[in-house]
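User: I'm new to this one and would like to learn how to read a few of its features. Could you walk me through them?

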Amino acid sequence: MKQIALLLFIFSCTQSFSQTPAPEFGKGLLNLVGKDSTWTMKLATRMQFLSATTWDQNSDDKWVDPHSTALVRRARFKFDGFAYSQKLKYKIELGLSNRDMSGASEYTSNAPRYILDAVVMWNFYENFELWIGQAKLPGNMERVISSGNLQQVDRSMLNSKFTLDRETGLQLRHHFYLHNNFLIREKFALSQGEGRNVTNGNIGGAQFTGRIELLPFGEFSGEGEYKGSDLAREEQPKLMLSATYDYNSNAVKTRSNQGTYMVNDIGFHKTDINTLFLDAMFKYRGFSFMGEYAHRNAQDPIAKNADGSPTGDKVAVGDGLNLQSGYLLKNNWEVSGRYTHISLDEAITGNPPENQYTLGLSKYIVGHKLKIQTDLSYLSVNGGTNELMYRLQFDIHF
């Protein structure tokens, strides 16, 4: 924390003695450019304040046991720019909230996990770009959308059950036009397979991820394919169809590179895990639709000891479906709806099918940079306890 405070102090002094005015709201706190224009750095920060209340449904169909929380959901610093050449870009993102830093273990040196992204992006030849460092894998669309650009308060249950999240490794990205505006993007990643901020080496095998994106009507305005809501109010229909396949060799976690480590009496249970995502994004004149399908399977999903006895850990194999849509009114109020279905293999995981229905309302004051969002969700669990959840969140980005 002392280092971060010192860094902020230096930037504040730099700004104080500069004759350059501060950037516009939402464009960063500082935009620095080297005297010889060989480097740039933009410093930005954002915060999310969340309150939530949940109720359980008892056998008499009454809502009981309310539980309320209020927290700083996210508090982050982001640095990005280029170094030496505009073909060599970088990004650093630090998370300071409890939720951002949680997950410390012996595999992360029992330290808070401050670092979200630390990656260099090198456009080394024509439309080819090489990423080196820690960043989000090219996984499901909903996960790649920034938490600050979501259409509803937070991501769906599909994301929480199946996402690949961040990893350290290499990514190769390429794009080309098939015909006129028909854009195709390919993304490949080779990574460790055990999540972010791992410091004690790779226990299992390697993780391989490939994604292809088809944009038959060309790029969305302002990279809108990876932003919730149609804030650009696309004048022409825009569509992205995409697929991701991930193979995690000798994985040691219950959700590929996420979840808990599958520890047994001789070390770790290891199994090959495969994850498939199919997703789509469509936007036109304030209307938006996003659809996602996820499937995960594993060679040996039940963790075992050396003698074959189960340890109690199980890979979360199964399927998920998420459908989400919204319409942005002229006054920048938006109504949105979401349906999520999770069907893990009950015979293996013991988890019954779940359905969640969410109705959201958002007010965009300065786009995603300053907004208020609220939603109401009903979770139906087959043979289990149903749940009602209300959330209210405020976002501010500098």
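Analyst: Let's start with a term: buried means under 20% relative accessible area, exposed means over 50%, and partly exposed is in between (1.4 Å probe, protein chains only). This is a predicted model, where local features need pLDDT of at least 70, side-chain atom pairs count only at pLDDT 80 or more, and totals for chains, interfaces and linings use all residues. Residues are numbered from 1 along each chain as its sequence is written, and side-chain values use heavy atoms, leaving out hydrogens and water.

User: Is Lys-187 buried or exposed?

Analyst: Lys-187 is buried, since its relative accessible area is 9%.

User: Which side chain does Lys-187 meet in a salt bridge?

Analyst: The general idea first: side chains of opposite charge can pair when their charged atoms come close. The rule here is a side-chain nitrogen of Lys or Arg within 4 Å of a carboxyl oxygen of Asp or Glu. Lys-187 pairs with Glu-213 at 3.1 Å, N to O. Glu-213 is buried too, with a relative accessible area of 0%.

User: What about Asp-279, which partner does that one have?

Analyst: Asp-279 meets Arg-211 in a salt bridge, again with 3.1 Å from N to O. Asp-279 counts as buried at 5% relative accessibility, and Arg-211 does at 3%.

User: How many salt bridges does the structure hold?

Analyst: There are 18. Another one joins Glu-234 to Lys-238, with the closest N and O atoms 3.6 Å apart. Glu-234 is buried at 3% relative accessibility, and Lys-238 is buried with a relative accessible area of 12%.
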